[in-house]
Amino acid sequence: MINTTSRRKIEHLKLCAESPVESRNVSAGFEDVTLIHRALPELNMDKLDLSVDLLGKRLKAPFLIASITGGHPDTISVNSALAAAAEELGVGIGVGSQRAAIDDPAQEESFKVVREKAPNAFVYGNVGAAQIREYGIDGVEKLVEMIDADALAIHLNFLQEAIQPEGDRDATGCLDMIREICSVLGTPVIIKETGAGISREDAILLQKAGVSAIDVGGAGGTSWAGVEVYRARESGDSASENLGELFWDFGIPTVASIIESRVSLPIIATGGVRTGLDIAKSIALGANAASAALPFVGPALEGKKSVVSVLSSMLDEFRVAMFLCGCANIHDLRNAPLVVTGWTLEYLRQRGFNLKDYAVSGDTF
């Protein structure tokens, strides 16, 4: 019998594949970022080095297929396609929340298949901050062992939890538990937001807690409040539906969150990353890698070939962006000049950020 958590996972996957779940009125902010074109790049585009080290693992390009699914028998083929594509193209991949496999060990195969299909890739596990108190250190270690993970992502999804009728709304003690896990787990810990972004205040707390990296998971991509609107509508829960509608676009957009999170930790830029140009802008803003989930949901339902096609196109776009910015490698791109304007610049000004401190062109505050 499929448990509640497992059933919810397949509902989420189908809604993301079939319904408009992206932010409606909030952008990730990439349109406010302009990379400086070099008319004389003096490079051979076919010889650019896109490789990067991330938490002790070498990637052929600074990109990860973000956590999508797992925890239901129907997700085995989906994760198989995603993992096989990641292995072929040399990028990283995360699994969906492994909570379902803790609740029902029969669902472990839907996660284990990722490592089976991607034996050499950077693979990260995934568990919610709301659950780590329940599972404890031993439970968290089992999640890492389950997929031989190179890192563990602890996701922060309290916006979604607040709207879900079955959500866990008790956020007390999570920081202490994160600190404890970081101190004893022999695997890097990534803190991953899921669509509402990371603020400067929280980035500093996480750095002090000993986390290894921050995945900003900013607003502007998939809205999990929006996903919950559809679930609430189907079940006739008008209160949750109204909450989801109100908070559909809530959060810090991705571009602003990258700047907010620059506290001497590796940064993964997630949230509305849809093109290779978005990847390039993320790296130039200070991210170490970028990731996306929604662009791969539909293709993963079709199979590995479709995932490889979409991902290859994004990486081709990324290569062109590097070439046109005169960047031979990722180090050059991270130091490439850019200009931030528009809403993002005004937001950062109001928050008290001086972009000159980050080698980013913009207003002088």
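Biologist: In which crossing, left-handed or right-handed, does helix 9 pass helix 10?

Modeller: Bearing in mind that this is a predicted model, helix 9 passes helix 10 in a left-handed crossing. The contact is made by A225, V229, A232 and R233 on the side of helix 9, and by S240, E241, G244 and E245 on the side of helix 10.

Biologist: What classes do the residues of that contact divide into?

Modeller: The contact of helix 9 with helix 10 divides into three nonpolar, two polar and three charged residues.

Biologist: And at roughly what angle do the two axes cross?

Modeller: The axes of helix 9 (residues 224–235) and helix 10 (residues 238–246) cross at roughly 155 degrees and come within 8 Å. Since an angle over 145 degrees counts as roughly antiparallel, helix 9 and helix 10 are therefore roughly antiparallel to each other.

Biologist: How does helix 1 pack with helix 9?

Modeller: Helix 1, which covers residues 4–18, packs with helix 9 at an angle of about 110 degrees, and their axes are 10 Å apart. That angle makes helix 1 roughly perpendicular to helix 9. Helix 1 contributes R8, E11, H12, L15 and C16 to the contact, while helix 9 contributes W224, V227, E228, Y230, R231 and E234. By class, the contact of helix 1 with helix 9 has five nonpolar, one polar and five charged residues.

Biologist: Which residues make the contact between helix 2 and helix 13?

Modeller: Helix 2 brings V78, A81 and L82 to that contact, and helix 13 brings F296, A300 and L301. By class, the contact of helix 2 with helix 13 has six nonpolar residues, with no polar and no charged ones. The axes of helix 2 and helix 13 (residues 294–302) come within 8 Å and cross at roughly 110 degrees, which makes helix 2 roughly perpendicular to helix 13.

Biologist: Which strands does helix 2 lie across?

Modeller: Helix 2 (residues 76–89) lies across strand 4 (63–65) and strand 5 (92–94), and helix 2 runs at about 160 degrees to strand 5.

Biologist: On to the strands, then. What do strands 4-5-6-7-8-9-10-11 form?

Modeller: Those eight strands run in that order as a closed barrel with parallel pairing, and the twist averages 25 degrees from one strand to the next.

Biologist: Stepping back, how many helices and strands does the chain have?

Modeller: The chain has 16 helices and 12 strands. Its radius of gyration is 19 Å, close to the 21 Å that the globule rule gives for 365 residues, so the chain is as compact as a globular protein of that length. Along its principal axes, the C-alpha trace of the chain spans about 60 × 40 × 40 Å.

Notes
Residues numbered from 1 in each chain as written. Predicted model: local features only at pLDDT ≥ 70, side-chain atom pairs only at ≥ 80, totals over all residues. Heavy atoms only, no water. Pairing = 2+ DSSP bridges. Helix = DSSP H or I, 4+ residues; strand = E, 2+ residues; numbered from the N terminus. Axes fitted to C-alpha atoms, helices over the stretch in contact; angles between N-to-C directions. Contact = heavy atoms within 4.5 Å. Parallel < 35°, antiparallel > 145°, perpendicular 65-115°, else oblique. Left-handed = near helix turned anticlockwise from the far one by under 90°. Nonpolar A, V, L, I, M, F, W, Y, C, P; charged D, E, K, R; others polar. Rg over C-alpha atoms; globule rule 2.2 N^0.38 Å.
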